[in-house]
Amino acid sequence: MTNGMANDRARGMGAYVVALQAITTREALKFLNQRSRFLAALVRPLVWLVVFAAGFRAALGLSIIPPYQTYITYEVYIVPGLCGMIQLFNGMQSSLSLVYDREMGSMRLLLTSPLPRWWLLFSKLLASTLVSILQVAVFLVVAFLFGIKMPPLGYGLVLPALVLSGLMLGALGLLISSTISQLENFAGVMNFVIFPMFFLSSALYPLWKMAESSSLLRDICALNPFTHAVELIRFSLYGQFNGMALVWVCGAFAVFFAGALIGYDPARGMIRGKG
Amino acid sequence: MSVFSVEDVSYSYGSRKALDHVSIELGAGRFCALLGPNGAGKSTLFNLLTRLFVTSEGRIRIAGHDIAREPRQALARLGVVFQQPTLDLDMSVERNLAYFAGLQGLSGKQARMRSAAALERLGMAERAREKVRALNGGHRRRMEIARALIHEPAVLLLDEPTVGLDAPSRAAITDHVHDLADSGLLVFWATHLVDEIREEDEVVVLNKGRVLAQETAGQLAGSGSLTEAFVRLTASGEAPPPSVLTGAEAGR
């Protein structure tokens, strides 16, 4: 191959798409090969939906709040939060696999590709997001079979919201993975990220309900990007637009992804020296 | 003409200097062994050559491209086999190759043809559909070499590729990579095993981050053995005067 051809290959836009396809295919195959991961991803929200929500239905009274136009049951309320939970777990699982890839050496293969590092990492995020959307889709089908139905249009409109929330949560995982040097350290970080993000959000309780017990907790929830991801999903499922949630999710994605790029920059990042 | 040059490169981990003004220049069609004991700085140099690390001290050129200024063009001309295996064990051989081809921007028919040709060259064509987990260590290494050649690089870097392999597998891989060099590829092979090096091969001796010698194995060994020359050079730890580094003087 001539030098010029190599340059063309490195620069050509087609190469970007090809690399994205390759990374997405690998992530999808890895996910489908790991049946236990698929099962866990499905069972976890279903347990919350069937067991937790059934128990809380009587205890929690919900007033009519946007985007709902009528009284709803608790099961209906937590479905968007559980969609977010699937994406949150998936984002962290992907970052765990990034740490594993780095320890096992596969990450080197990715990072020595001639394509720009930002694109390779973004492709990773997009692939992980698509895997999470697959899980959410299966969950929504099962929820439908349980009688928890959304407006038909909502199933389509929620797609862009899921892409954005998946990218944001994946970028957070990527940022975390750039700061972790060993696989063993990751479990602790998962506990300090997943549980606070999930419980200090509007996934399980509306913010006004949280304010009844503590205004400080409510304020913390309002500052949690996961809250806004859940609200973006919730409003989209009901065919409504939530501008504030969109700005929060996009802003958080930009911050997390920029941090991750610094973390994976060989000149500046924390990855330097970890190989 | 030089297809690979390292000019006055230094790198430090905090206050510890891992590479100290390293300079190496190599042309096409050569097999060059980077010989050094553990901790000599070989892996650090490989990380810089593959841009996993960057340094502001010195310059690295691959096929005429400065890796700091034109990283994508330089990486496009580089094939790498890392010391640590970088394969997806639960995917088939061809899936692993397709993934790598994708990362290089090769798709569809072109990727399939290149993968098939690379496997054929390594005598692995019949294993294409097997899962990597089913392959032995030698075959996994062969596959990684085949993978590193898919995008037809000008320079092939191998970081201690025979570690953990039995003697026949080591010999087969060493022979094959020498054949690649004979066909015009520049092979840069990091090792601390002198029996992988042939008399006509170029040798760069690296110790404590410094290049102690660069010449053919025959010249370095002189009338003695390469092992003796290597041990004597690295035991002193200091760069000997130029007269010591040439020909018979170095081998005594």
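The end C-alpha atoms of residues 4-233 of chain B lie 25 Å apart in this predicted model, and the span is 35% helix and 27% strand, helices (H or I, at least four residues) and strands (E, at least two) being DSSP runs numbered from the N terminus. UniProt, in an unreviewed entry, places the feature "domain: ABC transporter" at these residues; such annotations may be inferred rather than shown by experiment. Local features need pLDDT of at least 70, side-chain atom pairs count only at pLDDT 80 or more, and totals for chains, interfaces and linings use all residues. Residues are numbered from 1 along each chain as its sequence is written.

Within chain B, B:H21, in strand β2 (residues 16-27), has a positive phi of about 50 degrees although it is not a glycine, and B:H21 is partly exposed, with a relative accessible area of 47% (buried is under 20%, exposed over 50%, partly exposed in between, with a 1.4 Å probe and protein chains only). B:R51, likewise not a glycine, has a positive phi of about 65 degrees; this residue is placed in the loop between α1 (42-49) and β4 (59-62) and is partly exposed at 22%.

In chain A, the axes of helix α7 (residues 152-179) and helix α11 (residues 225-237) come within 7 Å and cross at roughly 165 degrees, which makes α7(A) roughly antiparallel to α11(A) (a term for angles over 145 degrees, on a scale from 0 to 180 degrees between N-to-C directions). The contact (heavy atoms within 4.5 Å) includes A:L157, A:A161 and A:M168 of α7(A) and A:F226, A:L232 and A:I233 of α11(A), and by class it has 13 nonpolar, three polar and no charged residues.

Terms used:
Chains lettered and ligands numbered in written order. Heavy atoms only, no water. Parallel < 35°, antiparallel > 145°, perpendicular 65-115°, else oblique. Nonpolar A, V, L, I, M, F, W, Y, C, P; charged D, E, K, R; others polar.
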